[in-house]
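Work through the exercises below with the model open. Each task is followed by a stepwise solution.

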Amino acid sequence: MPHIAVARLWFEGNSFTPVPTPRSAFESREWGSGAHHLARYAGTATELGALQAFLAARPDWQATILTCIAAQPGGPMADEAMRAWRDEVEAALRAQRFDGIYLSLHGACVTESDPEADATTIARIRAIVGRDVPITASFDFHANMAPEITGWLDGASAYRTYPHVDMDAAATRALRQLERRLSGAPRAFGHIAKRPMVLHSFHMRHEAGPMAEVWAEALAAEQAPILDASIFGGFAWGDSPHAGPSGMVWAEDAGAARDLAERLADSIAARRARFAVTLPGPATALAQALAAPPGLVALLDPADNPLSGGIADTPEMLRTLVAAQLDVPAVFAFLHDPASVAAAQEAGIGAMLTRHLGATVTEQFGRPVITEVVVERLTDGRFINEGPMERGAPVDLGPSCVLRVGNLRIICTTLKESAVDPGFFALHGIDLQATRLLANKGKNHFRAAFKDRCVAIVECDAPGPAALDLAALPWRHVPRAWI
């Protein structure tokens, strides 16, 4: 009866976001262990949902769920939070020997003191359990992968969709590699190949475009002796020594793994020019959105996308919307603004307030928008994702509110969770069929649930922690020649 340990560290760090991500951000989303924690994810399209299904089909397996944590992308993970998680996981691994280990990782975690925290984590775990205990892992497609990782693992796989609607499938592939090793098969050979570049992810969607072509190449090559062929786009705002795209291959033959990984890295590099993007400013983008055919149109602000480490606090797109005095029903999603939520709760529905909106964290990206608002709705902030991303997973925004300025509804939340699921808007009483303009702090993940709901999706370039101009950022670990 195999007895495996499971641990999870799912966090993407934006090195240029002005505030670190504290332990409380993880506790509000995920910080737990044991069978009861795994049960939370039953039937969900997540890594832990896949683990539960995998174990249900293998009643002779036993799994101990060590500490599993996750938070929305943000500024570097606080060192205190990382120490607390590692202390719990490493103490459990020292206290008991397991037959194997599965790790659910992101791959682009940076902390206040460590720009390659995932690699450090894997190396530490390998040092504790020794060479004989097989370890496999699943990673996000946006991981910044250190080549040394394959020397510490026995197998791995990554998401193969962007937007990420196959988190569960990636976990299942990693678990099957662990099962292969525990069944007595020889250790697989892994290779990670990188090229000196950092790429924007706008054109990395899986359904079309340059990265879709490389995904197709990887899948076509995934046959004996190849066990898994994964590609990574990297995370452009993670200032890591191993930032940027890569190919990762696991095979029964070392040469086959190396050759295919290098070929996939070359294929990404050959398409480098096609990953470049230019975007209009907020005012021009708004005009383009309103000129679209009748129906719901989205206006996206990727520079403050929470799933790129944005703070959901930059003001420029909101300023443009308020100044436009829109004559169509519009929604702005969202501001991470606990103070406005508290003020709305105190005032009550129907009250009129004067609020300073945006720039509560920093005025680095613009000054606040000062305007009168009407409190239209108050909620407890809880809903269940409809999917396809993380379908069935619970979401907690903390108390939230809807503020109205003319035809514009502004959603404010206490916790920072992206507005990429229809359940987010249903919670706030938003009828999307009666809405003309949906302004969202988002990017590609928004498209998973909304691509087919919108007649057009327009992106703008505004100031923010994930802004378009990479060359303007204060890099410390990535050579400027890569940008």
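**Exercise 1.** Describe the lining of the largest cavity.

Solution. Step 1: 32 residues line the largest cavity, and Trp10, Gln72, Leu307, Met389 and His445 lie nearest its centre. On a 1 Å grid over the protein atoms alone, a cavity is a set of points where a 1.4 Å probe fits but cannot get out, and lining residues have an atom within 4 Å of a point. The model is predicted: local features need pLDDT of at least 70 and side-chain atom pairs pLDDT 80 or more, while totals for chains, interfaces and linings use all residues. Residues are numbered from 1 along each chain as its sequence is written, and side-chain values use heavy atoms, without hydrogens and water.

Step 2: by class, this lining has 13 nonpolar, 12 polar and 7 charged residues (nonpolar: Ala, Val, Leu, Ile, Met, Phe, Trp, Tyr, Cys and Pro; charged: Asp, Glu, Lys and Arg; polar: the others, Gly among them).

Step 3: the volume of the largest cavity is about 320 Å³, taken as the space filled by probe spheres set on the points, which are joined across faces, edges and corners.

**Exercise 2.** Which helix gives the most to the lining of the second largest cavity?

Solution. Step 1: the second largest cavity has a volume of about 100 Å³. Step 2: among its 15 lining residues, Gly107, Glu116, Asp118, Asn144 and Ser240 are the closest to its centre. Step 3: helix 5 (residues 117–129) gives the most, with 3 residues; helices are DSSP runs (H or I, at least four residues), numbered from the N terminus. Step 4: the lining divides into 9 nonpolar, 4 polar and 2 charged residues.

Technical notes:
1 Å grid on protein atoms, 1.4 Å probe; cavity = no way out; pocket = protein on both sides within 12 Å on 5 of 7 lines; lining within 4 Å. Helix = DSSP H or I, 4+ residues; strand = E, 2+ residues; numbered from the N terminus.
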